[in-house]
Amino acid sequence: MQPIPQTENQVMRKEPTLGLGQFIRSLTAIIWKDMAAELRSRELLSAMLVFALLVILIFNFSLELDAQARTTVTSGVLWATFAFAGTLGLNRSMAMEKDRGCLDGLLLAPVDRSAIYFGKAIGNLIFMLIVEAIVLPVYSVLYSVNLFKPGLLLVILLGSIGYVAVGTLLSTMAVQTRTRDVLLPILLFPLVIPVLIAAVKGSTGFLQGAASEDILPWINLLIVYDVIFVAAAFMVFDYIVEE
Amino acid sequence: MEPKPRLLAILDIVTILLFITAVGMVFLYAPLEAVMGQVQRVFYFHVANAWVGMLGFLVAAISGVAFLRKGDRKWDIAGMAAVEISFVFFFIAIVSGSIWARGSWGTWWTWDPRLTTAAIVELVYAAYLMLRQGIDDPDRRARFGAVYAILSFISVPLTFISIRIFRTIHPVIIGGGAAGAEGSFDMTPKMLQTFMFSLLTFSFIFADLLWHRIRLGKLADKTENLRLKVLQ
C-alpha cells in the first residue's frame, strides 16, 4: 500500500529544487545557455543593434535633431529606441525557444518554473543593457551630448528592468499565439507606459540637471513598477507555460 | 437549449424602462447649466458610460483571478463578456467626452491624465481581444486572457499616477476639485439626482448585457462541443 503514493509523490512533485543553491544553479544555467547561443549565432544582438541605430537615424530626419531640439528630446529618442529594439530582442529570444522545441525541454527539466522565468528575464536584460551600452556612446558621439551621468545610467537600469520583467512574460504569451510577431508590441506597450513616462521624465531631469526633488518621484515610480511587476510575473508565469 | 430565464426577461424590461426614464431626466428634468449650456447634458451619460467602462475592467480582473484559482470556464466567459461590453461603453465615453470638451474646453482632445488613461484602457481592451483572437486552444485562451486582465489591472493605475504628476485640467465633479480644472461646476440637487439615476441605469444596462453575453458564451461553448462530437 505504501509504495504507490510514494512513487506518485515522486512523479507529481513539481519542485524538487527547494534549495536556494539549486535555484541559482538552474538560473545561471539558463542564462548561460542564452549567452552561449548568442555568442555562436550573434543574430539577436546584431539585429537589435542595427535596428536601434536605424531608429536613431529615422529620428534624426523626422525630428530635425538640431542643438536646440536635442536638449529636450534626447531622452525621448533614446527611450523610443530602446523600446522598439527591446521588442525585437524579446520576440527573437522567445521565438528561438519555441521554434526548436527548446521551451518544452526547459519545462520538462526538473527545475522550478520561476527559475525559467528569471533566467530568461535576466538574459533579456543583459541583451538590452548591452544594446544600451553601445547606443549611448554612439549617440553621444553623433550629437555631442554627454550621456554618461550616473543618475541617467540608474534610470536606464531601472527602466530596463521594468520593461524586461513585463516583456519576458508577455513574449512568452505572444509566441504561443497565431499572430506571434505582431502581437508582442500591441500587448506590451500599453502596459509599460508607466515605465516609459517615468524613464523619459527621469532621464530628461538628469540631462538638464534638474533638482533632485523633481527627479525623485520618477525614480520612486520606476522602483515601484519594477517591484510590483517582478512579483506579479513571478506569480502568474506558471499559468502561461502550463500545458 | 434552455429557455431565457424569467429573471433575465424581467431585467431586460426594467433596464429599458430605466433607460427611457434616464433620457427623459437628462433632457427634461435636469436644469440647464448656466455657463456651458446644453452641451453640459452630455455629462450625465458620459460619466455613466465611463463608469461601465471601468466596471468591466474590474470584473475582468476579478474573473481572471477566479479563473486562475478555480479553473472554471464560466469565469473565463464572464471576463471576456465584461471586456467586450466595456470596450464599447468606454468608446462611447471617450467620444461623448470629446463632444463635451469641444464645447467647454474648445478642443476635441487634450493629453490630460484621465483622457490619456482612458485611451490606454481602450487600447488594453483592444489588445486583450486581439490576444484572445490569436489563440485556438480554449484552455490556453482562457489562461492568457486571465493573466493579461490581471496585469493590465495593475498597470493602468500606475499609468494614471504617472500622468497625474502633470497638472490636470479635467474637472473633478465628485470628491473635491483640482486646482486649475476648467469647466467645473457645482451640481444642483436636480442635477445630482439625474446624475445618480444615470449611474444606476447604466449599471443595470451593464448587468443585463453581461448576463446576456455570459449566456451567449455558454451557448457558444455548447455548440462548439456538439460540433466536435459530430466531427468525431
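So, how many residues of chain B are in contact with chain A? There are 24 of them, and they touch 23 residues of chain A. By contact I mean C-beta atoms, placed from the backbone, that lie within 7 Å.

Quick housekeeping. This is a predicted model, where local features need pLDDT of at least 70 and side-chain atom pairs count only at pLDDT 80 or more, while totals for chains, interfaces and linings use all residues. Residues are numbered from 1 along each chain as its sequence is written, and chains are lettered from A and ligands numbered from 1 in the order in which they are written.

Back to that interface. On the chain B side, helix H4 (113–133) and helix H5 (138–164) each supply at least two residues. H5(B) gives the most, with 14 residues. Helices here are DSSP runs of H or I with at least four residues, numbered from the N terminus. By class, this side of chain B has 17 nonpolar, 5 polar and 2 charged residues. Nonpolar is Ala, Val, Leu, Ile, Met, Phe, Trp, Tyr, Cys and Pro; charged is Asp, Glu, Lys and Arg; the others, Gly among them, are polar.

Next, helix H2 of chain A, residues 20–41. Its 22 residues reach 32 Å from first C-alpha to last, close to the 32 Å expected at 1.5 Å a residue, where the expected span is 1.5 Å times one less than the number of residues. Which residues of H2(A) are buried? A:Ser26, A:Leu27, A:Ile30, A:Asp34 and A:Glu38 are. They sit on the same side of H2(A), because they cover an arc of only 110° around the axis, taking directions from the helix axis to the C-beta atoms. Buried means 20 or more other C-beta atoms within 10 Å of a residue's own, exposed means 12 or fewer, and partly exposed is in between, again with C-beta atoms placed from the backbone. Helices H3 (43–63) and H6 (113–143) of chain A are among what covers those buried residues. The face turned away carries exposed ones, including A:Trp32 and A:Arg40. Just after H2(A), A:Arg42 takes a positive phi of about 55°.

Elsewhere in chain A, A:Ala231 is in helix H9, residues 212–241. Why does A:Ala231 count as exposed? Because it has 12 other C-beta atoms within 10 Å. A:Lys201 is 30 residues from A:Ala231 in sequence and 25 Å away in space, C-alpha to C-alpha.

Definitions and conventions: Contact = placed C-beta atoms within 7 Å.
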